[in-house]
Amino acid sequence: MRRLLALTITLVAVLGMAVPGAGRAADAARDELVIGITQFPSTLHPNIDSMVAKSYVLGMTQRPFTADDHDWQLACFLCTGLPTFENGLAVREPLPEGVEGHGERDGVALTYTIQPGATWGDGTPVTTADVLFTYEVGKHSQSGISNAELYRRILGIDVIDAKTFVVHADRITFDYNGLGDFRVLPAHLERPIFEQDPATYRNRTLFDTDPTNPGLWFGPYRITEVASGSHIALEPNPTWWGSKPHFKRIVVKVIENTSALEANLLSGAIDMIAGELGLTLDQALAFEQRNGQQFRVHYQPGLLYEHVDVNLDNPILADLRVRKALMLGLDRQAMSEQLFQGHQPVADTKISELDWVYNPDVTRYSEDLEAAGALLDEAGWTDIRDGIRHDAAGEPLQLELMTTAGNRTRELVAQVLQSQWRRLGIDIRIRNEPARVFFGQTLDERRFTGLAMFAWSSMPEHVPRTIMHSEEIPTAANQWAGQNYGGYVNPEVDQLIDKIEIELDRDKRKAMWHRLQEIYAEELPALPLYFRADAHIWPKWLDGIRPTGHMQPSTLWVEQWGAGTG
Amino acid sequence: MLRYLSHRLLEAAVVLLGMSFLIYLLLGLMPGDPIDLMASGDPNITSADLARLKAVYGLDRPLLERYGHWLHGALTGDFGYSRLYALPVTELMAPRLGNTALLMGASFALALVLALPAGVLAAVRQRSWLDYGLNLFAFAGISLPSFWLALLMILLFAVTLGWLPAGGVHAVGDDSLGNRALHLVLPVLTLTLLTVGGMLRFTRSAMIETLRADYIRTARAKGLGPRGVVLGHALRNAMIPVVTILALNFGTLFSGSMVVETMFAYQGMGKMIYDAIIGNDFNLALVGLLFATLLTLLSNLGADVVYAWLDPRISYVD
């Protein structure tokens, strides 16, 4: 036994000496970057499924035709110029007979030209043949494309030459010239697979069966290694037409547990943690306190709108005075300061102040317990027994608050809300559920009885049709389709949503957006809390990363990243 | 014996079939489906798209029909596709199975090598300082939360000392045996520390019980030395209950490895099953859970065979 013990100690010591610094040496040549994220992409096919991890990786390997840039303006990435009515590349045209809306509205013809240097990694140019193939896949009902709305709106595509094509769309919306969800596919590789059987194409696509095929990628980098669930390695793509990227290799490593992710960063196994899929804000704040000298922590406010949905079928919450009292009973500024050190700005409506359509002149709710109490009195909740308000019938002012179990921040916020509302005499019962139950059933089928706290992801000037239009209330009759979980109905809001979508004049549109926010703040279909911020953790030597705050990942500008002297 | 084994294997097949139905049913009854999860993260997806995708993935069909379809495929060797990884389930499982087998096998063997002699020693020197020390070690191992121990190991060996890698199966671009072994050290050590305590305690109790038996007293009365009594008579008999526990422990290791695999970003079966359940990946979760069932059945069958070897009075011959 003594021998065994001695042997073990010796073995550990020898191993320790044999592998000094098994992690990556801090002073290694900075031509490799290892990024830690918490999620592995479920597929690398650009148009199947939508998840942040996939956008993050594909940001380095492909380019969308159009996307919002750092200034939140629509810009061309794969195309040479945005078609507009002013430059003549967008032209109104009547809808053909047989198309819904014929005779009632116009469609639009949009001319795009593909970047002349755009070439797949195997040397094949990116051409209009790829555009036509992508359209064919997008249109096919069995192909498994997740967001087919764009393809439904496209009536046809005319090819002018190998690099120029015209898209005929069935309506003119304010974002008529965006082709963000149209991610071009390599026809020379994917067409034979698709044509063999479109229904099983999603299982046989080369993006998942042979992701290191250079012909699949045309961005600054191409994928050279995929270890499912573990990591994806990328190397510069020799056919990339833009400026040459700095790093000779980028590895995206997946470590799902955020504590382990942090430990990996400290051990040097990874260089940075991506804010798009990294530490929660409270973890990042604690990390900064401990290790702020070694790393740069950047907080990027974004569009993730954390709020409390209100079930308006509940007679207590149907009363606007109660909803207003709930808002006046909260000190959201103090909450943001105490829990997030002020990095998550308080929300007035679902529109962030970073968005150009933001209205600063809406009703704002600061903590005012007296006014809140008066509103509750007015609503009939006057009898206070054991600190809880009751109405004339003796019913207690009791509400259920639900959120996702296991999300530490939300659970903490739920407790703060509970204690703040308790001061008004409102009895809040917290009932949290695992995310899959909460999102998959409770919200979807409107099974929450009172309040439900969660976040909406959004985009610049994102029209809230699915969450505010009265046609989007999930019911058994419509098979629980729609995301207006609160059951909010306001004909003026419906009209505004319909009009905003098709108004091209920015000033007019802005006025409508302002009105929409006024109504939101006044009627409170949901209780706004704050906008979430992403915490990016970078080594001091890393330059050039500029997170956007919207849905486009920072990797879309990966060729601008470099190793400085920090 | 052969007939007994065939009978048990047939029983296992029936249990697996029953379990496949039960698991499929339970997974199907869980709220939400993969498309619902997709919708919660995509502000652009329309109701029409959701309905179309449910039809494409067959999620609009009755549960029994879907099970029948899956079973038909499984019997012909097609276990379906993983939705989380967009790969055939079998293709996805093979490397993970190897990783987990390596992790579990190594930690099980190491725990066995440490726990058996330590348990025997603690029993023989009952109420000595050695016994107290080993018991303390055992209880520490049993009570430590696995995620905390794993984190502690990472912080000590990867962050502070920098001796070992913090996680992964191998370094990117270095798939050598040595590199793989290096990445295995911390997960194996953690899993071993978590399991060795229980094994040690069971061995100790079984040995104490056996050492009190009449035949041990007789052996001592006959003048047999302490080594001969312990190794020749007590150990073999004490092993019968220990083997039962070890067989059950083997199945537990499978779930225990999930936390360790997650903390060390080690691509194994435990983590894969967990991810599949959370991510609504029906096919992957089902096959993974069936495999865990198979493993438990086989380890129990193995234990039965070992009983016969340990105790000649136990016979499976008709």
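**Entry 1: a strand pair in chain A**

I started at Val159(A) and looked for its bridge partner in S7(A), which turns out to be Phe165(A). This is a predicted model, so I am reading a prediction here. I then checked the two strands as a pair: S6(A) and S7(A), the latter covering residues 164-169, run antiparallel and share five bridges.

As a reminder to myself, strands of a sheet pair through backbone hydrogen bonds, in a parallel or antiparallel way.

**Entry 2: domains of chain A**

Domain 1 is put together from 23-61, 190-301 and 533-563, while domain 2 is 66-187 and domain 3 is 303-532. The centres of domain 1 and domain 2 of chain A, taken over C-alpha atoms, are 27 Å apart.

How many residues touch across these two domains? I get 26 residues of domain 1 of chain A in contact with 28 residues of domain 2 of chain A. On the domain 1 side, helix H5 (187-196) and helix H6 (201-204) of chain A each supply at least two residues. H5(A) has the largest share of that side, with three residues. By class, I wrote down twelve nonpolar, eight polar and six charged residues for the side of domain 1 of chain A that touches domain 2 of chain A.

**Entry 3: Ile545(A)**

I picked Ile545(A) and found it in the loop between strand S19 (542-543) and strand S20 (562-563) of chain A. Is Ile545(A) buried or partly exposed? Ile545(A) has 19 C-beta neighbours inside 10 Å, so it counts as partly exposed; the cut-off for buried is 20 or more.

Leaving out residues up to four places away in sequence, Ile545(A) touches His536(A), Trp538(A), Ser554(A) and Trp561(A). I also looked at how Ile545(A) relates to Val167(A): they are 378 residues apart along the chain, and 34 Å separate their C-alpha atoms.

**Entry 4: chain B as a whole**

I moved on to chain B and counted elements: twelve helices and zero strands. Along its principal axes, the C-alpha trace of chain B spans about 85 × 60 × 35 Å. I looked up burial too, and 39% of the 318 residues of chain B count as buried. Among contacts in chain B with a separation of 6 or more, 70% come from residues 24 or more positions apart.

For confidence, I have a mean pLDDT of 85 for chain B, with 94% of its residues at 70 or more. The model itself scores ipTM 0.75 and pTM 0.83.

**Entry 5: domains of chain B**

Chain B splits into domain 1 (17-75) and domain 2 (92-310). Their centres, over C-alpha atoms, are 36 Å apart. I find nine residues of domain 1 of chain B in contact with seven residues of domain 2 of chain B. Helix H1 (2-29) and helix H2 (34-40) of chain B each give at least two residues to the domain 1 side of that contact. H1(B) gives the most, five residues. I sorted the side of domain 1 of chain B that touches domain 2 of chain B by class and got six nonpolar, two polar and one charged.

**Entry 6: where the chains meet**

Last, I checked the contact between the chains, which takes 52 residues from chain B and 53 residues from chain A. Which elements of chain B give two or more residues to the side that touches chain A? I listed H2, helix H3 (47-56), helix H5 (89-124), helix H7 (146-160) and helix H10 (226-263) of chain B. H3(B) has the largest share of that side, seven residues. The side of chain B that touches chain A divides into 34 nonpolar, twelve polar and six charged residues.

Methods: Residues are numbered from 1 along each chain as its sequence is written. Chains are lettered from A and ligands numbered from 1 in the order in which they are written. This is a predicted model: local features need pLDDT of at least 70, side-chain atom pairs count only at pLDDT 80 or more; totals for chains, interfaces and linings use all residues. Domain bounds come from an automatic or database domain assignment. Helices (H or I, at least four residues) and strands (E, at least two) are DSSP runs, numbered from the N terminus. Ala, Val, Leu, Ile, Met, Phe, Trp, Tyr, Cys and Pro count as nonpolar, Asp, Glu, Lys and Arg as charged, and the others, Gly among them, as polar. Two strands pair if DSSP finds at least two bridges between them. pLDDT is the predictor's confidence in each residue, from 0 to 100. A residue is buried if 20 or more other C-beta atoms lie within 10 Å of its own, exposed if 12 or fewer, and partly exposed in between; C-beta atoms are placed from the backbone.
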